[in-house]
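Welcome! Have a look at the picture, then start.

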Amino acid sequence: MLYGNGQGVHYQREQFSLIDLRDFFGDVMKKNKIEIKKPKKRHTWEISPVTKIKESEKAYTRKGKKRYDSKKELECDFELLKKDYRYCPKCSAELVEKKIEHKKRKVCPVCGFVLYKNPAPATAIILTQDNKILLVKRKYNPFKGDWSLPAGFIEYDESPESCAIREAKEETNLNVKLTRLFDVYSGSDDPRTNAILIVYLAKVLGGDLKPGDDAAEAKYFPENKIPQNIAFAAHQQVIEDFYKSIL
Ligand SMILES: [Zn+2]
């Protein structure tokens, strides 16, 4: 089965056979002599230290009950957000540290889950008009008020190309066509996660430029007027590389 937008194709296997998590991680557990044991007493928070939302006011409450306002900006503790999971996201037992495949990783002593940490894939687009480059001003933290290329994280069921087109629409209201892959960058200055940034060159098909979603402004800048406050080092590098490429 294939899905995508015609520009980028996402391949998906027709069928997956169901596997038991314990079987799946069993070999890793055996190889690394991880003992299965009972979890320690679970610690729970009355108020989430990250979102500051009370347990009783969860984001997804039942009908009729007070709803969590998703429009309201969350006061996030980004340092805490970047920390590893403390409890198993599969079974909620407390994770322990073990050396697995030459690296210390957190593993679940109960179900065998291994926390592999990977950078999150994101896309950005380069849209230009008379050698001016389109930037958006960030409406929310991290780096609220700073400028970046129209960009965002790839959803789990999305191809990089679809993500780039979607983010362009959401942040700038422009319908774009990707013309080619520009380059791939890695970033480690986003407090939420390390990222792999896939950058495309694009052209406008239609739509009026106006900021939307998480952008406060959207504007074309000439090379000599690029703002000093670019949100991420990788975006800064993309802008520099782009202007070098058109010399
Ligand atoms: Zn577990």
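Predicted model: local features only at pLDDT ≥ 70, side-chain atom pairs only at ≥ 80, totals over all residues.

**Exercise 1. Decide whether Pro-89 is buried or exposed, and find where it sits in the chain.**

Solution. Start with the count: Pro-89 has 10 other C-beta atoms within 10 Å. The limit for exposed is 12 or fewer, so Pro-89 is exposed. Finally, look across the fold: Leu-115 is 26 residues away in sequence, and the two C-alpha atoms are 9.2 Å apart.

**Exercise 2. Work out how Ser-92 and His-102 are classed, and describe their phi angles.**

Solution. Take Ser-92, in the loop between helix 2 and strand 3. It has 14 C-beta neighbours inside 10 Å, so it counts as partly exposed. Its phi is positive, about 70°, although it is not a glycine. Now turn to His-102, in the loop between strand 3 and strand 4. With 6 other C-beta atoms within 10 Å, His-102 is exposed. The phi of His-102 is also positive, near 65°, and this residue is not glycine either.

**Exercise 3. Find which residues of the largest nonpolar core touch the most other members, and which elements supply the core.**

Solution. The core holds 33 residues, and Ala-124, Ile-125, Val-176 and Ala-202 touch the most other members. Elements that each supply at least two residues include strand 6 (120–129), helix 3 (160–172), strand 10 (175–187) and helix 4 (233–245). The largest share, 6 residues, comes from strand 11. Now zoom in on Ile-125: beyond its neighbours within four places in sequence, its contacts include Leu-149, Ala-164, Val-176 and Ala-202. Apart from this core lies another, of 5 residues, among them Leu-95, Val-107, Cys-108 and Phe-113.

**Exercise 4. Check the length of helix 3 and how many of its residues are buried.**

Solution. Helix 3 has 13 residues, and its first and last C-alpha atoms are 18 Å apart, close to the 18 Å expected at 1.5 Å a residue. Next comes burial: 10 of the 13 residues are buried, making helix 3 mostly covered. The buried ones include Cys-163, Ala-164, Ile-165 and Ala-168. Just after helix 3, Asn-173 takes a positive phi of about 65°.

**Exercise 5. Find the form of the peptide bond from Asn-141 to Pro-142, and the loop that holds Pro-142.**

Solution. Read the omega angle: it is near 0°, and the bond is cis. Then locate Pro-142, which lies in the loop between strand 7 and strand 8 (147–148).

Key
Residues numbered from 1 in each chain as written. Core = buried A, V, L, I, M, F, W, Y, C linked by C-beta atoms within 7 Å. Buried ≥ 20, exposed ≤ 12 C-beta atoms within 10 Å, placed from the backbone. Helix = DSSP H or I, 4+ residues; strand = E, 2+ residues; numbered from the N terminus. Contact = placed C-beta atoms within 7 Å. Expected span 1.5 Å × (residues − 1).
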